[in-house]
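Hi,

Here is the structure I promised to pass along. Have a look, and then read on for what turned up in it.

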Amino acid sequence: MSRMTTYKPQYSLEAGIELMRKGIDGRVKSYFSSCVHCGLCAEACHFYVETGDPRYTPIHKLAPLKKLWRQEYTFFGKLASKLGISDPLNEEDFADWEELVYDACTLCGRCSMVCPVGNDIAGMLAKQRAGFAAAGYSPEGLKGATKRTVEIGSPMGLTWKALEAQIRHAEKDTGLTIPVDQQGADYLALLSSLEIMGFPEYISSIARIFDHAGVSWTLSSQAFEATNSGIQIGDANVARELLQRVFDAAESLGVKNIISPECGHAYTAIRWESGNLMGHEIPFRIIHIVELLDELKAAGRLPTQGKTSTKVTFHDPCNLVRKGGVVQQPRRLLNAVAEDFVEGPECGTMNWCCGGGGGVSANERAEELRLKAFRRQRDQFNSLGVEAVVTACANCRNILEEGIEYYEMDVEVLGLTELLAEYLDVDNKNGGSPA
Ligand code: SF4
Ligand code: SF4
């Protein structure tokens, strides 16, 4: 594994406020000043819609950042501060809003889609989280996951040794050798620890698929974890360190492409946030596993045979679909292996979040609220009458399984990669052509 460091954050209210101050750039100033208080963002948020609690209105969750903006950038705010009739941002604000910032927001971005004046509310919430994390106002579950990722290498405390055991299982299961530290491979595949422990069949599935399609790939014993707890908690230094571990491993192996696993936020972190975080262009092509499978299918390298007759729908992972624009790829793949694939009325970029994104799944105290928000999914699956829901994010999959069990529903949850691996046309390897 890459050399691990110690995670000992020095929390300070001043540092948190300073980070929030830095986050108030031209865009944030214009967002706050252009809000017309229409309340449309409330109707877009699963936490508000399923509870009716006005505190869960997205723009309200931004009150601390807004307070700072008002006091430092508006005439009346500055005047009120000068006259001493407006308190500066203080510990109480942080303590009062921590739950709204971390438990009642999955950073899903649905609110940003509906704002009539184009406010990126989710983007502002991420900036506000950075200040809360630096001030020490973040949930213990997320702090623990961040510490384990920095010090051990994964948010669940999973080591390379534990992954090796899963690799041996997958090799036994598939009869294939799983490549590790393969110099010069075309693709470096990352995994999420949730996948490794909860859905290890993903490893067997990519081994089968890549063998079938003739893809040259490898895992790295130096960096296997895709989950970026730094992004979830709002700590840019941690986020950078975790990304650097992956890029160092990719560089030392001489690979050109990095595959994000079925994990939505990991994909956003490495594909969309890494350039800004690292401050330079990323010298690797980064692709989500679903994008790669779609490319292979389109190139005729992934012939399949037969389809499931189970009535299925697709749960769109927010990070992959709404934020990442990977909308049609999973649908094309699903249509190739499912004969009864139905869509909900609010699918694709306007999907409802599973309720566990943005680190909420690692935050135990948020469980009750998360399960309330899951009623959105429950009602949607019930109205569609599906027997199974397919998704392409291990975190969504885990949350869907928990919600379905809690509401005692008879719906199976499947991973898209595994479903595809089940229907490979074994007599037509690599589309019948050389790799
Ligand atoms: S990002 Fe999602 S969870 Fe957060 S406030 Fe907006 S709609 Fe709600
Ligand atoms: S939808 Fe936009 S304009 Fe309306 S209240 Fe929310 S942030 Fe303000």
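Which side chain meets that of Lys143 in a salt bridge? The partner is Glu140, at 3.3 Å from N to O, where a salt bridge is a side-chain nitrogen of Lys or Arg within 4 Å of a carboxyl oxygen of Asp or Glu. Both residues sit in helix 10 (residues 140-151), 3 residues apart, about one turn of the helix. Helices here are DSSP runs of H or I with at least four residues, numbered from the N terminus. Lys143 is buried at 13% relative accessibility, while Glu140 is exposed at 59%; buried means under 20% relative accessible area, exposed over 50%, and partly exposed in between (1.4 Å probe, protein chains only).

A word on the source: this is a predicted model, in which local features need pLDDT of at least 70 and side-chain atom pairs count only at pLDDT 80 or more, whereas totals for chains, interfaces and linings use all residues. Residues are numbered from 1 along each chain as its sequence is written, chains are lettered from A and ligands numbered from 1 in the order in which they are written, and side-chain values use heavy atoms, leaving out hydrogens and water.

The whole structure holds 25 salt bridges. One of them pairs Asp211 with Lys429 at 3.1 Å, N to O. Asp211 lies in helix 13 (residues 201-213) and Lys429 in the segment after helix 23 (416-422), so this pair ties together parts that are 218 residues apart in sequence. Asp211 is partly exposed at 33%, and so is Lys429 at 44%.

Best wishes

Note on methods
Helices (H or I, at least four residues) and strands (E, at least two) are DSSP runs, numbered from the N terminus.
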